[in-house]
Structure formats: C-alpha cells, structure tokens
Amino acid sequence: VFHRDIKPANLGISPDPGTRKPRLTLFDLSLASEPLENITSGTHGYLDPFLGKARRRQYDRAAELYAVGVTLFEMAAGSLPWWSAGDGSPASPADRVVLTPSSFESPVAGALVEFFGAALAPRVQDRFAGAEQMAAAWLEIFASLDEGGGSGADDAAARDQAADVAVLDTPLVRAGLSVRALSGLSRVPAKTVGELLGTPPMQIN
C-alpha cells in the first residue's frame, strides 16, 4: 500500500507507548486507495515530477521514495527543491534538481549534495534501490557528528578542554560543542556562551 502524500504536514512525533522514545508517525491515508493510474494525486512539490515519463505510467515505489527525499531535503535546506529555471518542477525529463553545498550546513554539505543527487535523480535507475538503502545512506551522513568529524577520543578531549576554559564571551563555535550541538543551535540567535545562557529554554527547544 502506498501512502501517496508523504510530506512534513503528514508526519508527527510522539512518545512510543512501550519505550517512551520518540516515534515518527505517518498519518492521513486518504490517498492510499487512489488508482495507481492516477499519477497526479498528491501534493505538488512532493509528487514525483518524472512520473508519466518513459515507461512510468503508474504510481510506483520510486515515487513514494521521491516524496521521502523531498521531505528530507526540506528538513535539511529549509525549502523545497528547485530546478535550473528557478521553478518547482523540471524543464525536461533529464533536468536535475539544483544542489549547492551552500544550501546545507557546512559539516554535512558535501554528503547531502551527493545524497539528494541520488534521492531526487530524474531516472529511477540512478536513485536509491529501496527505503533501507536510503535510510542507511542518510544515517551514515550524520554518524560522526558527535565526534565532530575528528579522531574519536582525541577530538572529544579537545572539546572538553575548550569547554573548561570557555567564558561568557566565548563564541559558541569555540566553546567545545559538538557539530551536532552547533547544528541544533544554528537557528538560535545566540553567538556566545553568555548569550546562550540568557536564551529562554523554550526558544532553544
């Protein structure tokens, strides 16, 4: 069964009743019963624009994963993908989405360009083979962020040392925070330790 409308508005996070850990939930299955031949059902921007091209005359698994890719792109870049003409859809069956490192946070920019180059490729053959492969590639991008991209224990020791000498005027980028922590704070206006301590917790969360 295909969902047919995967997008941020149809996703929710809530505690798992058994483990109390956050669990991602996909809801609104109103389009799941749509005939596969109806390739226009869905939300523009998330619907695979290459459906109907070549031999793809029905909604398929590749289209479902395309919507996942767009959702991840929006999470990483803060916007929907766009193409060379500046539009929200490709100008030709071979038109690739515009991918620039500046669209993403620098520690993972190169890896994300490569990831979305595959996830949003015009040809199905150039995309991820399935959800498992896509998930593995996505997780691999962020696997080393807690180590700051450095050399494990040595890098952690360096961050601990930086944190020990940090004062209120110390910029956050020099305060011993991991790349993951800095990423989480990227939308907070605080630039120094003192400014961060003065930021309301709800604004950080």
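The model is predicted. Rolling a probe the size of a water molecule over the atoms shows where empty space is left. Here the search finds two cavities of 30 Å³ or more.

- You can find Gly69 in helix H1, which covers residues 61-77.
- Gly69 has a relative accessible area of 0%, so it counts as buried.
- Although Gly69 and Ala119 are 50 residues apart along the chain, their C-alpha atoms are separated by 5.5 Å.
- Setting aside neighbours within four places in sequence, Gly69 is in contact with Phe116, Ala119, Leu120 and Met134.

**The largest cavity**

- The largest cavity holds about 60 Å³ of space.
- Its lining includes Arg4, Asp5 and Ile6, and also Gly42, Thr43, Tyr46, Leu47 and Asp48.
- Tyr59, Ala63 and Ala67 are among the other residues that line the largest cavity.
- Sorted by class, this lining has six nonpolar, two polar and three charged residues.

**The second largest cavity**

- About 40 Å³ of space lies in the second largest cavity.
- Ala62, Leu65, Tyr66, Ala119, Arg127, Phe128 and Met134 form its lining.
- Helix H1 gives the most to this lining, with three residues.
- By class, the lining of the second largest cavity has six nonpolar residues, no polar ones and one charged.

Key:
Residues are numbered from 1 along each chain as its sequence is written. This is a predicted model: local features need pLDDT of at least 70, side-chain atom pairs count only at pLDDT 80 or more; totals for chains, interfaces and linings use all residues. Side-chain values use heavy atoms; hydrogens and water are left out. Helices (H or I, at least four residues) and strands (E, at least two) are DSSP runs, numbered from the N terminus. Buried means under 20% relative accessible area, exposed over 50%, partly exposed in between (1.4 Å probe, protein chains only). Contact means heavy atoms within 4.5 Å. On a 1 Å grid over the protein atoms alone, a cavity is a set of points where a 1.4 Å probe fits but cannot get out, and a pocket is an open set with protein on both sides within 12 Å along at least five of seven lines; lining residues have an atom within 4 Å of a point. Grid points are joined across faces, edges and corners, and a volume is the space filled by probe spheres set on the points. Ala, Val, Leu, Ile, Met, Phe, Trp, Tyr, Cys and Pro count as nonpolar, Asp, Glu, Lys and Arg as charged, and the others, Gly among them, as polar.
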